[in-house]
Amino acid sequence: MKNIRLIALLLCVLLLFSALFPVLAAEETQEPEETGATENTEPSDDYHNAVIAPEEVIFEMPEPESELMPEPSEFFYGGEYEANARAAILIELNSNSVVYALNPDMKVYPASLTKILTCILALEYGDLEDTVTVTDTALSNLDISGSSAGLVAGEQMSLRNLLYCMMLSSANEACNVAAEYVCGDIDTFVRLMNAKAAALGCKNTHFVNTHGLHNEEHYTTVRDLSTIARYAWQNEMFRKISSTAVYTVPATNKSDERPLETTNELIIDNYTKYFYSRASGIKTGFTTPAGGCLASTAADKHVEYLSVVVGCDIVHEADNSYTDERFVVTKKLFEYAFKNYSYTQVVSRLDMTDSVPVTLSAAKNFVIIRPAEDIYALLPNDYDPTLVSTSYALYNGATALEAPVEEGQLVGELTVYYNGVKIAVAPLAADISVKRSGAAYTKHRFRSFLKKYWWIFLALFILSVPVAVVLILRARNKRRHDRTMMLHRKPGQHDWGGKKK
């Protein structure tokens, strides 16, 4: 009898606890599941290598799930200078900011700017010391009036020298030779080019050849070209080759040594008409449908710009001279940017960003957060300080920090905007340490345990209900039976069954 009552009591307690548990779980869900923050889980803005193995391109390439090149911030279109081009874009590389754009998404023909992608793929998949051989197929289907380094079938040279021919002399045949070296045939290499462009985030680009000779299906935009150029510019060897003004290819089995001179007249100091001391790299291009094209960089102190112009004219002067507008337009774009934009401190590390709640604290239940460093951003020289604004977020989407918190611990990111456009990001740090309360932490862990394993208690509740009902009914029937036996007991009869003498 006592055992049955004890079991019934325990089941009642279990039922009561199970009934209260959903309330505890509901209270727990109102707190952040993880409030501590020691590591940023947001994707990094660093450039990634979108490498695709050549053998993979024989299969259908899926669309990339996300862009591997960060999109530039676009906040200063136009300005006081109007580029005399079909399309143009100017990007400050350190801040990844567009400071000028003209028809950035208009379909254009890239001409020899195509060779930027051909060169970087050859660098990524090749060995500069490998010997490559010029084949008949590499020389076929080329415009005899197009750019060439005079390579002939059977000629052998290092991949390094081949790339100098490609980028300085803009040799069309060198592109086909590189394509056969990397992928075995030109068509497969073109597929690799398109796959690479898509992986970098180019949305309006399609290539049908390695060199850029005109084809209606060979097109892009200056925005996509800037994406490809920004990516290639991260490669040290690409920088070296594309910034070289003159180079001599040693003698080969079919030719004497070849002196090469770049087609980019911005970087040749004996061309006083176009030479620009701040410029370096990258590539020129020209076809009649495309017009004059140029991708170039220029740097001064902490600022570095990338310009891409397409569709520039060659202007013939009255004295029978001419002006190549692609160099003039590019130089004016650089001068416009250097004159009108500079890096300015917009936030100090001494500035208080906010006070943030701290849970499980032994004493202080909040902490002040500040920028971990001074923040500089590229802004117009005449910018309006009232248009600068900030917002912040703790790591992992937290709304509070969880003790312990260490002084100087990075806990979130501060984003700076100018006129509503993001211009800078910096880490946020706690300015003091906050110790953790042992009792509060134990309680938190217990409640987290209950929240995690609530289904066990729900299962026990469901299983215990019929058992409890059966036991309660049995106990009630037992009491009724005992009462009935007492009423029918003979006078003088004791509980142990004996009789009174």
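## Exercises on a predicted model

Lys196 is buried, with a relative accessible area of 0%; buried means under 20% relative accessible area, exposed over 50%, and partly exposed in between (1.4 Å probe, protein chains only). The model is predicted: local features need pLDDT of at least 70, side-chain atom pairs count only at pLDDT 80 or more, and totals for chains, interfaces and linings use all residues. Residues are numbered from 1 along each chain as its sequence is written, and side-chain values use heavy atoms, without hydrogens and water.

**Exercise 1.** Find the salt bridge partner of Lys196 and state which parts of the chain the pair ties together.

*Solution.*
- Step 1. A salt bridge needs a side-chain nitrogen of Lys or Arg within 4 Å of a carboxyl oxygen of Asp or Glu.
- Step 2. Glu124 is the partner of Lys196, and their closest N and O atoms are 3.0 Å apart.
- Step 3. Lys196 lies in helix α6 (residues 186-200) and Glu124 in helix α2 (residues 115-125), so the pair ties together parts that are 72 residues apart in sequence. Helices (H or I, at least four residues) and strands (E, at least two) are DSSP runs, numbered from the N terminus.
- Step 4. Glu124 counts as partly exposed, at 25% relative accessibility.

**Exercise 2.** Which residues are linked with Arg278 in a network of salt bridges?

*Solution.*
- Step 1. Arg278 and Glu335 meet through their side chains in a salt bridge of 3.6 Å, N to O.
- Step 2. Arg278 is in the loop between β7 (258-261) and β8 (279-287), while Glu335 is in helix α9 (residues 325-340), so this pair ties together parts 57 residues apart in sequence.
- Step 3. Asp300 joins Arg278 and Glu335 in the network.
- Step 4. Arg278 is partly exposed at 28%, and Glu335 is partly exposed at 35%.

**Exercise 3.** Describe the cover and the pairing of strand β2 (residues 87-92).

*Solution.*
- Step 1. Of the 6 residues of β2, 6 are buried. Ala87, Ile89 and Ile91 are on one side, and Ala88, Leu90 and Glu92 on the other.
- Step 2. Two strands pair if DSSP finds at least two bridges between them. β2 runs antiparallel to β10 (residues 303-312), with 6 bridges; here Ile89 stands opposite Val308.
- Step 3. β2 also runs antiparallel to β3 (residues 97-102), with 5 bridges; Ala88 has Leu102 as its bridge partner.
- Step 4. The hairpin of β2 and β3 has 4 residues between the strands, and Asn96 takes a positive phi near 55° there.

**Exercise 4.** Which residues have the most contacts inside the largest nonpolar core?

*Solution.*
- Step 1. A nonpolar core is a set of buried Ala, Val, Leu, Ile, Met, Phe, Trp, Tyr and Cys residues joined through side-chain atoms within 4.5 Å.
- Step 2. The largest core has 68 residues, and Leu162, Leu163 and Phe238 have the most contacts inside it. Helix α4 (residues 159-168) gives the largest share, 8 residues.
- Step 3. Contact means heavy atoms within 4.5 Å. Leaving aside neighbours within four places in sequence, Leu163 is in contact with Cys119, Ala122, Leu123, Leu128 and Ile241.
- Step 4. Another core, of 28 residues, lies apart from the largest one and includes Ala88, Leu102, Val303 and Tyr336.

**Exercise 5.** How many disulfides does a search of the whole structure find?

*Solution.*
- Step 1. A disulfide is a pair of cysteine sulfur atoms within 2.5 Å.
- Step 2. The search finds 0 disulfides.
- Step 3. For Cys312, the nearest cysteine sulfur is that of Cys293, 7.5 Å away.
- Step 4. Cys312 counts as buried, at 3% relative accessibility.
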